[in-house]
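Let's take a friendly walk through this fold together. Have the sequence and the 3D view open, and follow along from strand to helix to core.

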Amino acid sequence: LQSLEAYSEFFNAAANIPMNQRTVSQRFYIVAHFRPRPGDVILDIGAYLGNNLRRYAEDGHDIDGVEVGQAYCDVWRKRSKEMKPEARARTRMFCGRFEEGEADRRYDQILCAEVLEHVIDPKGFVAKMASILSPGGRLFLTTPKVKLRTSVREVGTKDLRQWIEEAGLDVVIPMFVALPRKEYDSLGVPNWICIAQKGVRS
């Protein structure tokens, strides 16, 4: 994928495959390791069908999602109507490319799970995420240990750390591996996880 247009076309085609629109549980490693503080405002990049939006909005968080697949956004809009009104009011889903959007607020937590291996410019992607973090905000990153069929690249731990540090963030929880669990992770792929924070040095 050499252009953002081709990138969008590829993921819109994937989003239109019916089996990809099935509801799936949250990834085990997100449930286990992503722990926003009370009152944190969250951004979920690669929001898919909005599972994280629903979970964390029901926990009392304001949460935005960004998803490039239009069909996934359409499924979310239908399913979000099943939520309690007060929880749904805490969610926003933006359909499009994160690279081209403009944030209208800062975030205390950014969740970016299994996304960097799919993007054209991961270094710029991480820098943009860092730019919209609140002081003290955290970036929760995951990427598969292996290259998948839909991946543009395999992301190594050395590259990931370099992109994080060049974006002005500090790694607060070094990279570790989360093993899959069948009841959560249908792909059965182990993931690297890293948590970085803005403003640790100061």
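Two strands count as paired if DSSP finds at least two bridges between them. Helices (H or I, at least four residues) and strands (E, at least two) are DSSP runs, numbered from the N terminus. Before we use these terms, please keep in mind that this is a predicted model, in which local features need pLDDT of at least 70, side-chain atom pairs count only at pLDDT 80 or more, and totals for chains, interfaces and linings use all residues. Residues are numbered from 1 along each chain as its sequence is written, and side-chain values use heavy atoms, with hydrogens and water left out.

On one hand, β4 pairs with strand β5 (residues 133-144) in the parallel sense, over six bridges; here C112 stands opposite L141 of β5. On the other hand, β4 runs parallel to strand β1 (residues 42-45), joined to it by four bridges, and Q109 in β4 is the bridge partner of I42. Seven of the seven residues in β4 are buried, where buried means under 20% relative accessible area, exposed over 50%, and partly exposed in between (1.4 Å probe, protein chains only).

How do we get from β4 to β5? Together with helix α6 (residues 122-131), the two strands make a right-handed β-α-β unit. Right-handed means that, with the strands pointing away from the viewer, the path from the first strand over the helix to the second runs clockwise.

A nonpolar core is a set of buried Ala, Val, Leu, Ile, Met, Phe, Trp, Tyr and Cys residues joined through side-chain atoms within 4.5 Å. The largest one has 27 residues, of which I110, L116, F125, M129 and L160 touch the most other members. With four residues, α6 gives the most to this core. Look closely at F125: beyond its neighbours within four places in sequence, F125 is in contact (heavy atoms within 4.5 Å) with residues including I45, F98, C112 and L116. Apart from this core lies another, of 19 residues, among them F34, M83, F140 and I195.

Now turn to helix α7, residues 157-166, whose buried residues are L160, W163 and I164. These three lie on the same side of α7 because they cover an arc of only 100° around the axis, the arc being that of the directions from the helix axis to the C-beta atoms. An α-helix has 3.6 residues a turn, so residues three or four places apart point the same way. Just after α7, G168 takes a positive phi of about 85°.

Helix α3 (residues 51-58) is the place of A57, which is buried with a relative accessible area of 0%. Leaving aside neighbours within four places in sequence, the contacts of A57 are I63, M83, A87, R90 and T91.

We finish with charges. The structure holds ten salt bridges, each a side-chain nitrogen of Lys or Arg within 4 Å of a carboxyl oxygen of Asp or Glu. In α3, E58 forms one with R54, with the closest N and O atoms 3.2 Å apart; E58 and R54 are four residues apart, or about one helical turn. Another links R37 to D40 at 3.0 Å between the closest N and O atoms; R37 is partly exposed at 37% relative accessibility, whereas D40 is buried at 6%.
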